[in-house]
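Visitor: I have not seen this structure before. Could you take me through some of its details, one question at a time?

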Amino acid sequence: MSEPERVAPALEAVRARRSWSKVTEQAPARAELEILVSAAGRVADHSSMRPWRLIELRGADRDRLGKAINKAEGRKGASTKPLRAPLLIAVVATYRKSDKVPRWEQEAVASGVAHMLSLLLDEAGWGVLWRTGHYTRSKAVAKLHGLEANEELLGWLYVGGKPPRARIGRRKPIEARKHLSRLPKPKSKTKPKPKKS
């Protein structure tokens with residue numbers, strides 16, 4: 001950076017990001033969502049496979065998900081968890097056959113899209129929380145989302161309006177030195193000197 005006081009907008013947005021466990025009933029319209037999804041899809045993607053897709057859940061869709069969650073947990077009725085936000089975005093990893101790009105790398109791309117989208121939504125003024133759970137791997141939940149044999153659900157982005165006067169959560173700053181290192185020094189290849197007899 002040429003000017004010390006100037007902070008890049010992306011850096012500012014990342015530093016300000018937080019998860020919103022409580023949101024209002026407002027939600028982004030489909031048109032806005034499409035713009036953000038298009039941008040989120042620009043994550044690093046080996047061979048440009050695009051091994052992901054997203055599913056919108058609004059209104060009664062959330063009730064159907066609540067029933068599927070309870071079915072997966074062996075309970076009757078519907079879980080109220082999906083009603084905690086007006087919009088849920090299911091994140092699906094769509095694995096494709098490839099000799100070059102392993103399964104884990106394709107899942108990393110799908111996760112990258114989800115994280116990028118959550119950041120873009122937050123920066124656009126929306127509250128977001130990425131929710132998961134053991135039931136993401138259940139048959140009932142997979143069937144509801146229309147997942148194919150080569151797909152897995154990675155959870156949902158819960159999206160809504162940021163409540164006014166919400167307390168800003170405090171997060172400890174990341175100590176970069178604990179997570180950023182150099183390669184270990186190479187082991188010495190010098191042969192030990194023979195001992196004098």
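Visitor: Over the ring of which residue does the charged end of R131 sit?
Guide: This is a predicted model, and the answers here are computed from it. R131 is found in strand β3. The charged end of R131 is 4.9 Å from the centre of the ring below it, and that ring belongs to Y158.

Visitor: Which residues does R131 touch, leaving aside those up to four places away in sequence?
Guide: Y158, whose ring lies under the charged end of R131, is one of them. With sequence neighbours up to four places away not counted, the contacts of R131 are S21, R84, G155, W156 and Y158.

Visitor: R131 is buried and has no salt bridge, so how far away is the nearest side chain of opposite charge?
Guide: A salt bridge needs a nitrogen and an oxygen within 4 Å. For R131, the nearest side chain of opposite charge is that of E25. The distance to E25 is 12 Å.

Visitor: Which residue has R103 lying over its face?
Guide: R103 belongs to helix α4, which covers residues 103-123. R103 is 3.8 Å from the centre of the ring, and the ring is that of Y95.

Visitor: How many aromatic pairs does the structure hold, and which residues form a pair?
Guide: The structure holds one aromatic pair.

Visitor: Are Y135 and W156 buried or exposed?
Guide: A residue counts as buried under 20% relative accessible area. Y135 has 6%, and W156 has 1%. Because both values fall under that cut-off, Y135 and W156 are buried.

Visitor: What span does helix α4 reach from its first C-alpha to its last?
Guide: Helix α4 has 21 residues. At 1.5 Å a residue, the expected span is 30 Å. The span in the model is close to that, at 30 Å.

Visitor: Which elements do the buried residues of α4 pack against?
Guide: The buried residues of α4 include Q106, V109, A110, V113, A114 and L117. Residues three or four places apart in an α-helix point the same way, because there are 3.6 residues a turn. The packing partners of the buried residues of α4 are α1 (9-16), α2 (30-40), β1 (52-58), β2 (87-94), β3 and β4.

Visitor: What are the phi values of S47 and R50?
Guide: Most residues other than glycine have a negative phi. S47 and R50 both lie in the loop between α2 and β1. S47 is partly exposed at 38% relative accessibility, whereas R50 is exposed at 51%. Phi is positive in each, about 65° for S47 and near 50° for R50.

Visitor: Which residue just after α4 takes a positive phi?
Guide: The phi value there is about 105°. The residue is G125.

Visitor: How many residues apart are R30 and E34, whose side chains meet in a salt bridge?
Guide: This salt bridge is one of nine in the structure, with 3.1 Å from N to O. R30 and E34 both lie in helix α2. About one turn of the helix lies between them, which is four residues.

Visitor: How far apart are the closest N and O atoms of E56 and R58?
Guide: E56 is partly exposed at 25% relative accessibility, and R58 is partly exposed at 27%. The two form a salt bridge, with their closest N and O atoms at a distance of 2.8 Å.

Note on methods:
Residues numbered from 1 in each chain as written. Predicted model: local features only at pLDDT ≥ 70, side-chain atom pairs only at ≥ 80, totals over all residues. Heavy atoms only, no water. Phe/Tyr/Trp six-rings, centres within 6.5 Å; stacked < 30°, edge-to-face > 60°. Buried < 20%, exposed > 50% of the residue type's maximum accessible area, 1.4 Å probe, protein only. Lys NZ or Arg CZ within 6 Å of the ring centre and 35° of its normal. Helix = DSSP H or I, 4+ residues; strand = E, 2+ residues; numbered from the N terminus. Expected span 1.5 Å × (residues − 1). Contact = heavy atoms within 4.5 Å. Lys, Arg positive; Asp, Glu negative; His and termini not counted.
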